[in-house]
Amino acid sequence: MTSEFDELQELIIEDARKVYSETAIDHSMNPRNVGDMEDADGFAKVTGSCGDTMEMWLGVKDGTIADVTFMTDGCGNAIASCSMVTEMCKGKIVSEAQKLGQQDILAVLGGLPEKGEHCALLAADTLKEAIKDYLTMERKPWKRAYRKH
C-alpha cells in the first residue's frame with residue numbers, strides 16, 4: 001500500500017513540475033514557519049478577493065524581524081507564498097521587510113501560474129499589515145490590551 005501511495009505522490013509531483021518550480025513545490029509541500037505565535041509584536045489577518053485568508057505573526061527584536069509565522073486556509077499557491085515571505089523577511093529590519101512585494105515573492109518562488117499570482121500579493125499584503133500592527137503597538141503600547149486574535 002505504501003509503495004502505491006509513493007508512486008501516486010511521485011506522479012502528482014511530476015505533473016506539478018510542468019507548471020511549478022522546485023522551490024514553489026517545496027514550499028507548498030514543506031511550508032516553513034507554520035503556526036501562531038504567543039505574545040507576537042505584530043499580527044495581521046487578511047482575506048483576499050479569492051476568499052483565502054492569511055494570518056501572520058511577527059516577533060521583532062531591536063527593529064529586526066527575529067521570528068515570523070503564518071497560517072492560511074488557502075491552496076498550495078497560498079501556502080508557498082506565505083512560507084516564502086516568512087523566509088524572506090526573517091532577519092530583515094522592519095523598514096526593509098515592508099518593501100517586499102508580490103514580484104519579489106514570485107521571483108524567489110520561480111513564478112506561479114497566472115491564476116495563483118494573487119497569492120503572492122496576498123502574502124505581501126498580510127506581511128505589510130502585520131508590520132503596520134507592530135508599528136502601531138510600538139507607538140501606542142496601551143492598544144496591546146485591546147488586541148483581538
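Hi everyone, let's start with arginine 17: at 38% relative accessibility, this residue counts as partly exposed, where buried means under 20% relative accessible area, exposed over 50%, and partly exposed in between (1.4 Å probe, protein chains only). Before going on, a word on the source: this is a predicted model, in which local features need pLDDT of at least 70 and side-chain atom pairs count only at pLDDT 80 or more, while totals for chains, interfaces and linings use all residues. Residues are numbered from 1 along each chain as its sequence is written, and side-chain values use heavy atoms, with hydrogens and water left out.

Back to arginine 17. Which side chains does arginine 17 meet in a salt bridge? Glutamate 10 is one, at 3.2 Å from N to O, and glutamate 22 is another, at 2.4 Å. The rule here is a side-chain nitrogen of Lys or Arg within 4 Å of a carboxyl oxygen of Asp or Glu. Both glutamates are on view: glutamate 10 is partly exposed at 35%, and glutamate 22 is partly exposed at 45%.

By this rule the count comes to five salt bridges. Another of them pairs lysine 132 with glutamate 129, at 4.0 Å from N to O. These two are three residues apart in helix H6, so about one helical turn separates them. Helices here are DSSP runs of H or I with at least four residues, strands are E runs of at least two, and both are numbered from the N terminus. Glutamate 129 is partly exposed, with a relative accessible area of 35%. As for shared partners, Glu10, Arg17 and Glu22 are joined into one network.

Now to the nonpolar side of things. In soluble globular proteins, nonpolar side chains tend to be buried together. The largest nonpolar core in this model has 33 residues, and Leu58, Ile65, Cys89, Ile105, Leu109, Leu127 and Ile131 have the most contacts inside it. A core here is a set of buried Ala, Val, Leu, Ile, Met, Phe, Trp, Tyr and Cys residues joined through side-chain atoms within 4.5 Å. Which element gives the most to this core? That is H6, with nine residues.

Helix H3 is worth a look too. H3 covers residues 76–89, and its 14 residues reach 20 Å from first C-alpha to last, close to the 20 Å expected at 1.5 Å a residue; the expected span is 1.5 Å times one less than the number of residues. Of those 14 residues, 11 are buried, so H3 is largely enclosed by the rest of the structure. Among the buried ones are Asn77, Met84 and Cys89. Just after H3, glycine 91 takes a positive phi of about 90°.

What about the cysteines? A search of the whole structure finds zero disulfides, a disulfide being a pair of cysteine sulfur atoms within 2.5 Å. For cysteine 75, the nearest cysteine sulfur is that of cysteine 119, 4.1 Å away. Cysteine 75 is partly exposed at 35%. Cysteine 82 is in no disulfide either, with the sulfur of cysteine 119 the nearest at 8.6 Å, and cysteine 82 is buried at 0% relative accessibility.

Last stop, helix H1, residues 2–17, which holds isoleucine 12. Is isoleucine 12 buried or exposed? Exposed, with a relative accessible area of 52%.
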